[in-house]
Amino acid sequence: MEGHPATLTTNAPPRAGIRLPGLGVGLGRGLVVLYLSLMVMLPLAAVVAESTSGGLGAFWDSVTGAQSMAALKLTVICSLIVVAINAVFGTIIAWVLVRDEFPGKGAVNALIDLPFALPTIVAGLTLLTLYGSDSPFGLDIAFTRVAIVVALCFITLPFVTRAVQPLLMEMDQQMEEAATSLGAGGFTVFRRIIFPNLLPGILAGVLLAFARALGEYGSLILISGNIPFDTEVSSVFIRSQIESGNVAGASAVSVVLLAISLTLLIAVSLFARMGARR
Amino acid sequence: MGIAVEGARKRFGDFQALDDVSIDVPDGSLTALLGPSGSGKSTLLRAIAGLETLDAGQVVINGQDATKTPAQKREVGFVFQHYAAFKHMTVFGNVAFGLKIRKWDKAKISARVHELLQLVQLDGLAERYPDQLSGGQRQRMALARALAVEPQVLLLDEPFGALDAKVRKDLRTWLRRLHDEMHVTTIFVTHDQEEAMDVAEQLVVMNEGRVEQSGSADDLYDHPANEFVMSFVGEVNRLGEHFVRPHDMTVGLDRDDGAEEAMVQRIVALGFEIRVEFVLGDGTEVWAQLTRAELQKLELREGQIVYLRPGQTKSFSGDVPPPEGGGASTPRHPDGGDDAEVSAAA
């Protein structure tokens with residue numbers, strides 16, 4: 001599970017030579033480097049090495065193969081649709097949770113994190129029960145692309161909300177009053193004052209949600225049906241390649257997903273820094 | 001013309017912020033709303049701006065009933081205590097905001113913004129962001145932003161409340177001068193009586209959602225309508241039913257009929273002014289304001305017994321409670337406390 005988005009917006013400038021209690025400066029840094037190497041860098045390097053084990057040509061063929069391209073395209077397009085939906089609804093939820101007062105607000109606020117806490121396979125199972133062939137509403141979307149979008153919407157729901165909430169809480173409401181008394185109507189106040197102040201949070205939330213959606217597996221495996229060229233997403237494609245013994249091919253697609261995620265994470269930290277500066 | 005409020009009432013839950021308030025602000029004047037925290041002065045100002053809706057009553061701006069006019073259309077310039085700067089816009093963008101809303105063309109906006117930035121002495125800082133400015137600079141920017149749209153009236157809510165003492169003094173002199181040049185009807189809210197008397201032509205003293213008295217600084221100081229006004233506008237001692245200003249206390253060394261026996265408790269030199277604190281026979285604490293020369297003549301020491309003769313005293317019948325601090329004997333200081341009370345309760 002990815003880091004909580006809110007933690008990304010608190011990039012305090014690093015101070016040189018801060019000691020952890022009981023640890024020397026050098027020892028603390030050494031531990032961090034060692035742990036990150038073992039847990040993050042080494043596995044990543046292994047995947048990259050494996051993906052190019054047959055040479056760059058083989059890597060390229062694996063990535064651009066018809067089935068893997070179809071899976072990548074489906075994954076990226078579904079993820080884009082999902083983050084667009086959640087950018088809007090996540091912001092609205094954050095707005096209601098911060099600005100409205102209603103009974104049960106605390107419970108709703110806690111509910112937002114459920115998709116983070118719930119095992120994704122359970123989420124998939126729930127969705128299959130609700131929207132599968134035995135749907136109590138008579139709504140059967142199982143094994144369609146719509147089901148993929150629904151599942152990903154559920155999984156990525158908290159990202160934008162949790163990234164926007166703190167910005168909304170610390171936003172000076174008198175800015176809105178000042179704009180109003182200068183003649184701005186409700187929509188103008190939103191467009192010129194509120195939205196620009198929330199944008200760094202929305203973008204950070206969207207990018208994290210996108211990265212999460214790209215690699216989602218558990219909630220999709222049951223409900224998407226995994227039909228090649230139709231509802232097979234990249235993560236499922238990777239698994240099927242491994243099962244059929246094509247480890248290099250699986251690794252190649254993994255590296256592509258990895259590259260996209262890494263680019264996005266760098267973008268997130270840039271946006272977070274932008275948000276912190278203003 | 002000017003601004004008139006008639007019979008304004010506003011309640012926040014259990015709190016009666018405004019209780020039948022009427023004020024009259026002459027066209028082109030500079031009026032201060034003065035009162036302690038929770039007196040309703042900020043609520044009244046926000047109601048004039050349309051940022052708060054009244055439960056009852058009427059707001060008339062330049063002869064037009066504005067009670068039902070939304071804030072957006074009131075043509076009111078509002079300056080907030082904590083600046084309410086648009087953080088994501090440059091100084092230029094902040095000041096240009098109202099003009100862009102009014103769809104002025106670019107060249108005109110640029111000319112007007114620079115004219116205003118010159119007026120508030122921020123001309124070189126147009127491309128800065130608000131968090132690159134000092135508090136005083138931010139408040140001047142906010143003032144330029146409010147003035148840019150040529151508002152019918154200018155409303156300032158504790159405009160200097162968040163600034164340090166030195167900047168406060170500079171800014172209020174500057175505001176006074178600015179008003180002399182612009183002659184836009186201006187109301188500003190403050191809890192600092194010295195600031196109100198320094199800047200405003202007319203003072204409206206508020207307490208517990210009501211207007212206690214309005215008039216010039218001299219009027220209020222010399223002819224306070226009640227105990228509250230007397231003790232809020234200027235310093236005051238209480239001797240039984242009587243109130244006396246500390247500078248109206250005569251200190252004598254010889255026993256004298258009609259003079260109160262008192263012991264010197266503390267002598268505080270505040271530059272030219274000397275504050276001498278006394279305790280009377282019945283334990284009441286009072287103080288007198290003396291000059292350095294008077295003190296030297298009397299050669300007062302702490303612990304000495306002296307005789308106090310109050311000059312002009314006042315007494316009020318009625319049951320207006322004194323402001324916090326008892327009003328009676330403790331010397332009051334204008335505090336720098338935050339006055340976000342009423343708006344926060346909303």
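Residues are numbered from 1 along each chain as its sequence is written, and chains are lettered from A and ligands numbered from 1 in the order in which they are written. Because the model is predicted, local features need pLDDT of at least 70 and side-chain atom pairs count only at pLDDT 80 or more, while totals for chains, interfaces and linings use all residues; side-chain values use heavy atoms, with hydrogens and water left out.

## The two chains

Helices (H or I, at least four residues) and strands (E, at least two) are DSSP runs, numbered from the N terminus. Buried means under 20% relative accessible area, exposed over 50%, and partly exposed in between, with a 1.4 Å probe and protein chains only. A contact means heavy atoms within 4.5 Å.

Chain A has 13 helices and 0 strands. Of its 278 residues, 40% are buried. Among contacts in chain A with a separation of 6 or more, 75% are between residues 24 or more positions apart.

Chain B has 10 helices and 18 strands. Of its 346 residues, 53% are buried. For contacts in chain B between residues at least 6 apart in sequence, 66% join residues at least 24 apart. Along the principal axes, the C-alpha atoms of chain B fill a box of roughly 80 × 45 × 30 Å.

Helix axes are lines fitted to C-alpha atoms over the stretch in contact, and angles run from 0 to 180 degrees between N-to-C directions. Angles under 35 degrees count as roughly parallel, over 145 as roughly antiparallel, 65 to 115 as roughly perpendicular and the rest as oblique.

The axes of helix 4 (residues 66-99) and helix 8 (residues 145-170) of chain A come within 6 Å and cross at roughly 40°. Helix 4 of chain A is therefore oblique to helix 8 of chain A. The crossing of these helices is right-handed; a crossing is left-handed if the near helix is turned anticlockwise from the far one by less than a right angle, and right-handed if clockwise. By class, this contact between helix 4 and helix 8 of chain A has 20 nonpolar, 7 polar and 2 charged residues. Here Ala, Val, Leu, Ile, Met, Phe, Trp, Tyr, Cys and Pro count as nonpolar, Asp, Glu, Lys and Arg as charged, and the others, Gly among them, as polar.

Helix 8 of chain A also packs with helix 10 (residues 186-215) of chain A, where the axes come within 8 Å and cross at roughly 155°. These two helices of chain A are therefore roughly antiparallel. Helix 8 of chain A passes helix 10 of chain A in a right-handed crossing. Residues in the contact include A:Phe159 and A:Leu167 of helix 8 and A:Pro200 and A:Arg212 of helix 10. This contact has 15 nonpolar, 4 polar and 1 charged residues.

Two later helices of chain A follow. In helix 12 (residues 234-243) of chain A, the buried residues include A:Val236, A:Phe237 and A:Ile238. After helix 12 of chain A comes A:Gly245, with a positive phi near 85°. A:Ser261 lies in helix 13 (residues 247-277) of chain A and counts as buried at 19% relative accessibility. Beyond its neighbours within four places in sequence, A:Ser261 is in contact with A:Ala211 and A:Leu214. A:Ser261 and A:Leu207 are 54 residues apart in sequence and 8.8 Å apart in space, C-alpha to C-alpha.

## Strand pairing in chain B

Two strands pair if DSSP finds at least two bridges between them. An open sheet of 4 strands in chain B has the order 2-1-4-5, with antiparallel pairing. Strand 2 (15-25) and strand 5 (64-65) of chain B stand at the edges, each with a single partner strand, so one side of each has no neighbour in the sheet. Helix 1 (residues 41-49) of chain B packs on this sheet and touches strand 1, strand 2 and strand 4 of chain B. The direction of helix 1 of chain B makes about 65° with that of strand 2 of chain B.

| Strand pair (chain B) | Sense | Bridges |
|---|---|---|
| Strand 1 (residues 3-12) and strand 4 (residues 56-61) | antiparallel | 5 bridges |
| Strand 6 (residues 76-79) and strand 7 (residues 153-157) | parallel | 4 bridges |
| Strand 13 (residues 249-252) and strand 17 (residues 305-310) | antiparallel | 4 bridges |
| Strand 14 (residues 260-270) and strand 17 (residues 305-310) | antiparallel | 4 bridges |

B:Ala4 stands opposite B:Val60 in strand 4 of chain B, and B:Val79 stands opposite B:Leu156 in strand 7 of chain B. In strand 17 of chain B, B:Arg309 is the bridge partner of B:Thr250, and B:Ile305 stands opposite B:Met263.

In a regular strand the side chains alternate between the two faces of the sheet. In strand 6 of chain B, B:Val76 and B:Phe78 point one way and B:Gly77 and B:Val79 the other way, and all are buried.
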